[in-house]
Amino acid sequence: MRSLLNRTKLRTPPLKAHSLILRTTTMATSYSSSLLLPPSVSLNKSRNASSLGFSVNRSRASMSVSAGSQTTLNDSLFADYKPTSAFLFPGQGAQAIGMGKEAQSVAAAADLYTKANHILGYDLLDICVNGPKEKLDSTVISQPAIYVTSLAAVELLRVREGGEQIINSVDVTCGLSLGEYTALAFAGAFSFEDGLKLVKLRGEAMQAAADAAKSAMVSIIGLDSEKVQQLCDAANQEVEEADKVQIANYLCPGNYAVSGGLKGIEAVEAKAKSFKARMTVRLAVAGAFHTSFMEPAVSRLEAALASTEIRSPRIPVISNVDAQPHADPDTIKKILARQVTSPVQWETTVKTLLSKGLKSSYELGPGKVIAGIFKRVDKTASVENISA
């Protein structure tokens, strides 16, 4: 039996209906994390695609010494980050036929697809460019496809006039769900290759967990988060424990994703209009992501993360789990394992970045979902899309 998050009693009235941001057939639980480069950290650029051209000089990194000669980076190193320029990476649902085609005009970007083919064992670029759509949309393929294409977009930006300067100015990065892995790779926490191996396993583990139980996700449009919680509570009164639902993605005001058992999701859809939701949109994903339905995937992720070399990011990466940056590699590993069963705190991430003074943002990869979210939170937010 699956336990859901404890809920608090809600009291606020419904908000007016909001306009739909995400595409109704491909929208998914995507999520972002943020990275920040403190003044004490300098970058030495290299052309090694596996590290995406960055290495780190941590001359003033705050360190604590443990037993023996081992040193552990203080996890609060980035706690007081002050973002000015952000790289934002999309999650599952952003994929589209034709993505990656433009990347072939830049050698460093094309090389990422070549490396990916060897790791994945199939021609990723061919699926990205030619489909079929059903294959690209599958969890096991869309996740590696978005990861690679998003990092290829970084290389496209690099060769653009002023692109290198933009890349070097980025002091925070984040990604929606899957996009957190992309952000960590960009920040140098792990190599491109190791990140892709983790993403490949993540997609396979999440698909297997979804296959083990009948579950689904639905986006609720036009309600605030408290009303959506009340809607979930009402639906849960009518279904068995195994079919209960919860908010899985706090995306932006008026747009929250609910995950759970199939019967619970159907109950949410049936009751949504009585709660004055503008509409519901069933998401094209394999199952109830970011809930306890994904628990079978956790042990596989923990094992893979344990054997992966993860370094402290060169800039802060904002976690989807708690909307905070983390510097300690062991903490990052634990959070990545928890991420698939934890609600995505994307709305908090965006509001925090903007409240801390973020000036410019770049969405790298397929789609423009993240730009839409930022605009919903702050109409004056500056977000440029860099596709590949």
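Which helix lies across β8 and β9, and at what angle to β8 does that helix run? Before I answer, please keep in mind that this is a predicted model, in which local features need pLDDT of at least 70 and side-chain atom pairs count only at pLDDT 80 or more, while totals for chains, interfaces and linings use all residues. Residues are numbered from 1 along each chain as its sequence is written, and side-chain values use heavy atoms, with hydrogens and water left out.

The answer is helix α12, residues 346–355, which runs at about 25° to β8; angles here run from 0 to 180 degrees between N-to-C directions, the axes being lines fitted to C-alpha atoms, for helices over the stretch in contact. Helices (H or I, at least four residues) and strands (E, at least two) are DSSP runs, numbered from the N terminus.

β8 belongs to an open, antiparallel sheet of four strands in the order β8-β9-β7-β10, where two strands pair if DSSP finds at least two bridges between them. Because β8 (245–252) and β10 (279–282) each have a single partner strand, one side of each is left without a neighbour in the sheet. Six bridges join β8 to β9, residues 255–261, and V245 stands opposite G260 in β9. Helix α9, residues 262–271, packs on this sheet and touches β7, β8, β9 and β10, contact meaning heavy atoms within 4.5 Å.

Turning to the other sheet, four strands pair in parallel in the order β6-β5-β11-β12, again as an open sheet, with β6 (172–175) and β12 (383–386) at the edges. Four bridges join β5 to β6, and A86 stands opposite V172 in β6.
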